[in-house]
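Please look over the sequence and the model that follow, and keep both in view as you read.

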Amino acid sequence: MTLSADRVSRTAAGQLILDGVSLTPAPGSVTGLLGPNGSGKSTLLRLLAGVLVPSSGVVTLDGHPLRELGRRTVARRLAVVEQQADTQTELTVLDVVRLGRVPHRRAWTPATPADDRAVHTALERTGLTDRTARLWHTLSGGERQRVQIARALAQEPRELLLDEPTNHLDIQHQLDLLTLVAELPVTTVVALHDLNLAAMYCDALVVLKEGRVVATGSPGDVLTEELIADVYGVKAAVSRDEPGDRPHVRFLGTLRPA
């Protein structure tokens, strides 16, 4: 078993943000969360991470309600990369990536060889080995995102939650990042805006609209012209190079004002 949400809802300031959403990603798979702004993707990720508590329904990890597990237990299993992260403290890239090892260490104990190996591997995977001494606040937005990915990988999670991880990245680094994520032996849930990236790298898709799930399944089953028109208000042509290939979306124009 792995991470699962069963009919979770979330209300904030009297507004229903999520309404009875269920999600059980297959172990080792990449599940993409799709939907327009305000559809509930980030809220669902925060519920899965235990940052927010559902108003109803339950999130479980290996069958145990998340709220009953200690924060350290959850942090040893589950890593989260938010859309944006910032700090006023003068941390180096190496300092930030080392934070990923905190759940695995007792307070005030020195880093172990296993910690050092995990940090080195994470830096290598994300192409940051030559930037370990750079200060966080001197990095570009894209570089900061890569450092946050490295910090999450240093955590050595079994589940990885990513909220728009390709924001601020150029095309090459978008592809490099999602290739890396797809190759990791972890269960990943990733919120994305780019439908073609979702089609290329996700094993399954969950589409949200106004806080409700409107479609689930493989990219080929989910990404249809009808769904894109209904959810995004956009006219699109969906094609495949060969039968059975992953779909490619070409946008033709809007159907209604944004």
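Aspartate 176 has a relative accessible area of 42%, and it therefore counts as partly exposed, where buried means under 20% relative accessible area, exposed means over 50%, and partly exposed lies in between (1.4 Å probe, protein chains only). This aspartate is found in helix H6, which covers residues 171-183; helices (H or I, at least four residues) and strands (E, at least two) are DSSP runs, numbered from the N terminus. Between the C-alpha atoms of aspartate 176 and leucine 66, which are 110 residues apart along the chain, there is a separation of 32 Å.

The model is a predicted one, in which local features need pLDDT of at least 70 and side-chain atom pairs count only at pLDDT 80 or more, while totals for chains, interfaces and linings use all residues. Residues are numbered from 1 along each chain as its sequence is written, and side-chain values use heavy atoms, with hydrogens and water left out.

Taken as a whole, the protein has nine helices and twelve strands. Its C-alpha atoms fill a box of roughly 55 × 40 × 35 Å, taken along the principal axes. The radius of gyration is 19 Å, which agrees with the value near 18 Å that a compact globule of 258 residues would have; this radius is taken over C-alpha atoms, and the globule rule is 2.2 Å times the number of residues to the power 0.38. Of the 258 residues, 45% count as buried. Among the contacts with a separation of 6 or more, 62% are accounted for by residues 24 or more positions apart, a contact being heavy atoms within 4.5 Å.

Helix H9, residues 225-232, shows how burial can be arranged around a helix, for its buried residues are Leu227, Ile228 and Val231. They cover an arc of only 100 degrees around the axis, which puts them on the same side of H9; the arc is that of the directions from the helix axis to the C-beta atoms. An α-helix has 3.6 residues a turn, so residues three or four places apart point the same way. The elements that cover the buried residues of H9 include helix H7 (195-201), strand E9 (204-209) and strand E10 (212-217). Just after H9, glycine 233 takes a positive phi of about 65 degrees.

Where does glutamine 155 lie? Its place is in the loop between helix H5 (141-154) and strand E7 (159-163), and at 6% relative accessibility this glutamine counts as buried. The side chain of glutamine 155 reaches the backbone oxygen of alanine 75 at 2.5 Å. Not counting residues up to four places away in sequence, glutamine 155 touches several residues, including Ala75, Gly100, Arg101 and His104.

Side chains of opposite charge can pair when their charged atoms come close. A search of the whole structure finds eleven salt bridges, a salt bridge being a side-chain nitrogen of Lys or Arg within 4 Å of a carboxyl oxygen of Asp or Glu. One of them joins arginine 101 to glutamate 156, with the closest N and O atoms 3.1 Å apart. Because arginine 101 lies in the loop between H3 and helix H4 (113-125) and glutamate 156 in the loop between H5 and E7, the pair ties together parts that are 55 residues apart in sequence. Arginine 101 is buried, with a relative accessible area of 5%, whereas glutamate 156 is partly exposed at 48%.

Glutamate 82 forms a salt bridge with arginine 46, and here the closest N and O atoms are 3.8 Å apart. This pair links distant parts of the chain, with glutamate 82 in the loop between strand E6 (78-81) and helix H3 (93-98) and arginine 46 in helix H1 (residues 41-49), 36 residues apart. A salt bridge also forms between aspartate 230 and lysine 209, whose closest N and O atoms are 3.3 Å apart. Aspartate 230 lies in helix H9 and lysine 209 in strand E9, so the pair ties together parts that are 21 residues apart in sequence. Finally, a network of salt bridges links Asp130, Arg131, Arg134 and Glu143.

Note on methods: A polar contact is a pair of N or O atoms within 3.5 Å; within protein, one must be able to donate a hydrogen and the other to accept it, and residues adjacent in sequence count only if both atoms are side-chain atoms.
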